[in-house]
Amino acid sequence: MTTSWHMFILIVLCGLVTVIIRILPFIMISRIQLSETVIKWLSFIPITLFTALILDGIIVQQEGVQGYTLNIPYIIVTIPTVIIALVTRSLTVTILVGIALIAGIRFFF
C-alpha cells in the first residue's frame, strides 16, 4: 500500500489535534479550583460513559428489522468482565480482560 506525503501529513495533523483536544482540558482544569459539588458530579461521568458503551454493545438494532435484539456474545463477555472489575477495582485489568474475552469469543465463534 502506498501512502502519499499529503496523507501522511494529514494523519500526523489529525493525531496532533486529537492529542491537543484530549490534553488541553486537563491542563486548564488543573489550574482551577473546583467546588466540591463539581468534583462530586464529575466523579459520576466515568461510570455513566462505561454503562453507555456496554449497553450500546449489548442491545443492538438490526438493519431492516424493527426493534432491538440482544448481542449474546457481548453478554457472555460482560458477566466475567464485571466480576473482574468488582474484584480487582482496576480499570486497566478490567479492560484487558474484556478485550481478551471478546477476542476469544470472536475467534471461536
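Predicted model: local features only at pLDDT ≥ 70, side-chain atom pairs only at ≥ 80, totals over all residues.
Q: At what angle do helix α4 and helix α5 pack, and how far apart are their axes?
A: Helices (H or I, at least four residues) and strands (E, at least two) are DSSP runs, numbered from the N terminus. Axes are lines fitted to C-alpha atoms, for helices over the stretch in contact, and angles run from 0 to 180 degrees between N-to-C directions. Here helix α4 (residues 72–88) packs on helix α5 (residues 91–108) at about 155°, and the two axes are 9 Å apart. Angles under 35 degrees count as roughly parallel, over 145 as roughly antiparallel, 65 to 115 as roughly perpendicular and the rest as oblique; α4 and α5 are therefore roughly antiparallel to each other.

Q: Which residues make the contact between α4 and α5?
A: Contact means heavy atoms within 4.5 Å. On the α4 side the contributors include Pro 73, Tyr 74, Ile 76 and Val 77, while on the α5 side Val 93, Thr 94, Val 97 and Gly 98 are among them. For classes, Ala, Val, Leu, Ile, Met, Phe, Trp, Tyr, Cys and Pro count as nonpolar, Asp, Glu, Lys and Arg as charged, and the others, Gly among them, as polar; on that basis the contact of α4 with α5 has twelve nonpolar, four polar and one charged residues.

Q: Is Thr 94 buried or exposed?
A: Buried means under 20% relative accessible area, exposed over 50%, and partly exposed in between (1.4 Å probe, protein chains only). Thr 94, which is found in helix α5, has a relative accessible area of 5% and so is buried. Leaving aside neighbours within four places in sequence, Thr 94 is in contact with Thr 81, Ile 84, Ala 85 and Thr 88. Val 97, which also lies in helix α5, counts as partly exposed at 24% relative accessibility.

Q: Where is Arg 89, and what is its phi?
A: Arg 89 has its place in the loop between α4 and α5, and its phi is near 55°, a positive value in a residue other than glycine. With a relative accessible area of 70%, Arg 89 is exposed.

Q: Which residues of α3 and α4 meet?
A: Helix α3 (residues 45–58) and α4 pack at about 145°, with their axes 8 Å apart. Ile 54, Gly 57 and Ile 58 in α3 meet Tyr 74, Ile 75 and Thr 78 in α4, and by class this contact has four nonpolar, two polar and no charged residues. Elsewhere in helix α3 lies Thr 48, which is partly exposed at a relative accessible area of 46%.

Q: How is the protein divided into domains, and what separates their centres?
A: Domain bounds come from an automatic or database domain assignment. The division gives domain 1 (1–32) and domain 2 (36–62 + 69–108), and 27 Å separate their centres, taken over C-alpha atoms.

How values were computed. Residues numbered from 1 in each chain as written. Heavy atoms only, no water.
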